[in-house]
Amino acid sequence: MLGVRKRWRVRHWPIRYKFVSLLLISMIVPALGLGGLVSWAVDRIIERQVNENTLQLISQVNRTLEFYVNNMQNITYLIAFNPETKAFFDRSTSSDEYEIRQFLQGITTLYPEIAGILVVNQYGDYISNEMYSRSSQPLTEESWYQEAVKNKGIFKMIGHPGGRNVLSHANYSSEEVVSAVRAILEPETQKVKGVVLIDLKLRVIAEATKNVRLGKWGHLLVIDERGESIYTPSPSPLRTIPLRWVQGNSGTFSKEINGQHIQLIYQRSPFTNWTIIGVFSGNESALEVMEVRFYIISFIFFVCFIALGASYYLSFSLSRPISQLTAFMKKAQAGDLTVRYHDERMDEIGILGRSFNHMLDQMQRFISLAEWQERQRWEAELRDMQAQIKPHFLYNTLDTIQWMARKKGADDVAEVVGALAKLFRIGLSKGRNMILFAEEIEHIKSYLHIQKVRYKDKLNYTFDIPEHLQQFYVLKLLLQPIVENAIYHGIKQRRGPGHISIQAEERDGTMYIRVKDDGIGMSRERLEELRKSLTIDFTAGDQEGKMRNIKGYGMVNVQARLQLTFGPSYRLYIDSEEGKGTTVMIVHPMIMNLS
């Protein structure tokens, strides 16, 4: 079962299968992405064009309705300025009702969209060419009259005139007309002198909207500021429109109504306070999108067909020479170094084959060289064993001097000699390049102890090293060059005693070692020069050339060993201020075991 799972892992596939898969993915996935993007873009573009065209049609209808409403408003002004109607409003005996009716009749003749005009004064008297009161109740108590008074001379459309005490000779129902009112005011006192009521025939609105077709069955409907219907064609999936749907001057939204996806676009006229709403099916534009998607899917299938044939041909031409080269490598792996790849190809496979031949030639030379080097290694080990006698002799001699100094009572000499012996012992460390941090601390303490004997009270030092960090491994002689610089270039040249602080901490799995002194520091120019020396990348080769003519050789040497051992991320950072001291930060990896 495990073997079956491994066989189906991609990394275990033959290269021809990987190449076929790569070509198919690289051609089909972009085609699918492009098809999806084009489909999405077409859908958005068609939707935007439909919305824009619908809004343009609604705007045209709005302008038509505003034209008729504006004519009605102008008629109210014309009536108010007429001398006869002025006398009627003032209840003057000079007013001639016959002349007024003739005047109103002339207006309805010029404007056939007007169903009727009614002029009422403040005393309840009225004159009309087509309209009359159905009872003796004063017309000044009618809701439309009060609405006109409330608007203080501002023209207002009040919708269908349902339940009013006014009839028409033409017997228009309330659903066949739309009413507008305007109060006539006394200019000086702003007192209401009367009201003009005008009925507009609904067929004017129907004719303005019925010729607008939105898709197969879409249409326009008109509502007033209260959400009540002014005009709704029949049949329509929407008889009423909740006012909360049409917030603002214009917009678009969609609803699911009786299982149909309905798209609605609306625009409000600030002049009439009417909102025209376009209602049409949201699925009709999807048919055009589906047609585009059909062509896209056909294109993708065509691309897949071409990609499949091309990938098999290319994979065969690539995998066959690789298979031959693999067979030669297996023979070389079995020990036959005499095999050679013979092909005149100039592509990467041909280059790989010639490199394979060159590698076998090099291997044969290296085998001969390894035999010679093995003999040289044994000779070097013999010389190294002989050289070990000298360090042991040095340790034994220093121990003898220390013993003799203590016997003579020269304890200070004994301490210095002991520190020197410990310094040499840890510094040599049996040839190891990495030592425990605890050993490195002991080494630098021995070094500072020797310097303390020399400089006495001028040199002070403290350590702040957590116990758990001392169990990690660090580069040997990591701190000594930095502490030496702190003494000779900082503490030694200042007046009075100086202090060196050595601290260590762990952050994010990395060890940060800080060596800080309060010596004389260095100038900005000197600091920049030293920082420039520390920017050298020692992992890029030619270390000997890079180490020439640099400043701060000891610290640069530490930086070079850090980078060559662990990589360019581990390095030194230096900061200094003239007259205040210098701080060197060592960034070192956390190494628990040496393997």
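Tutor: Contact here means heavy atoms within 4.5 Å. The model is predicted, so local features need pLDDT of at least 70 and side-chain atom pairs count only at pLDDT 80 or more, while totals for chains, interfaces and linings use all residues. Residues are numbered from 1 along each chain as its sequence is written, and side-chain values use heavy atoms, with hydrogens and water left out.

Student: Which residues of H11 and H12 meet under that definition?

Tutor: On the H11 side they are Glu440, His443, Ile444, Tyr447, Leu448, Gln451, Arg454 and Tyr455; on the H12 side, Gln480, Val483, Glu484, Ile487 and Tyr488. Seven of the residues in this contact are nonpolar, three polar and three charged.

Student: At what angle do helix H11 and helix H12 pack?

Tutor: H11 (residues 437–455) and H12 (residues 480–491) pack at about 20°, their axes lying 10 Å apart. Because angles under 35 degrees count as roughly parallel, H11 is roughly parallel to H12. The crossing of H11 past H12 is right-handed, the near helix being turned clockwise from the far one by less than a right angle.

Student: What makes S2 and S4 edge strands?

Tutor: The open sheet runs S2-S1-S7-S6-S4 with antiparallel pairing, where two strands pair if DSSP finds at least two bridges between them. Strand S2 (126–128) and strand S4 (156–159) each have a single partner strand, so one side of each lacks a neighbour in the sheet. Direction ignored, neighbouring strands of this sheet are turned by 20° against each other on average.

Student: How do you know that S6 and S7 pair?

Tutor: Nine bridges join S6 (residues 177–185) to S7 (residues 192–201), and the two run antiparallel. Ile184 stands opposite Gly194 in S7. Helix H5 (residues 143–150) packs on this sheet, touching strand S1 (114–121), S4, S6 and S7, with its direction at about 120° to that of S7.

Student: What pairing does the sheet S14-S16-S17-S19-S18 have?

Tutor: The pairing in this open sheet of five strands is mixed. Strand S14 (459–464) and strand S18 (572–577) are its edge strands, each pairing on one side only. The twist averages 15° from one strand to the next. S16 (residues 498–507) and S17 (residues 510–517) run antiparallel, joined by eight bridges, and Ser501 stands opposite Lys516 in S17. H12 lies across S14, S16, S17, S18 and strand S19 (581–589), at about 145° to S16.

Technical notes
Axes are lines fitted to C-alpha atoms, for helices over the stretch in contact, and angles run from 0 to 180 degrees between N-to-C directions. Helices (H or I, at least four residues) and strands (E, at least two) are DSSP runs, numbered from the N terminus. Angles under 35 degrees count as roughly parallel, over 145 as roughly antiparallel, 65 to 115 as roughly perpendicular and the rest as oblique. Ala, Val, Leu, Ile, Met, Phe, Trp, Tyr, Cys and Pro count as nonpolar, Asp, Glu, Lys and Arg as charged, and the others, Gly among them, as polar.
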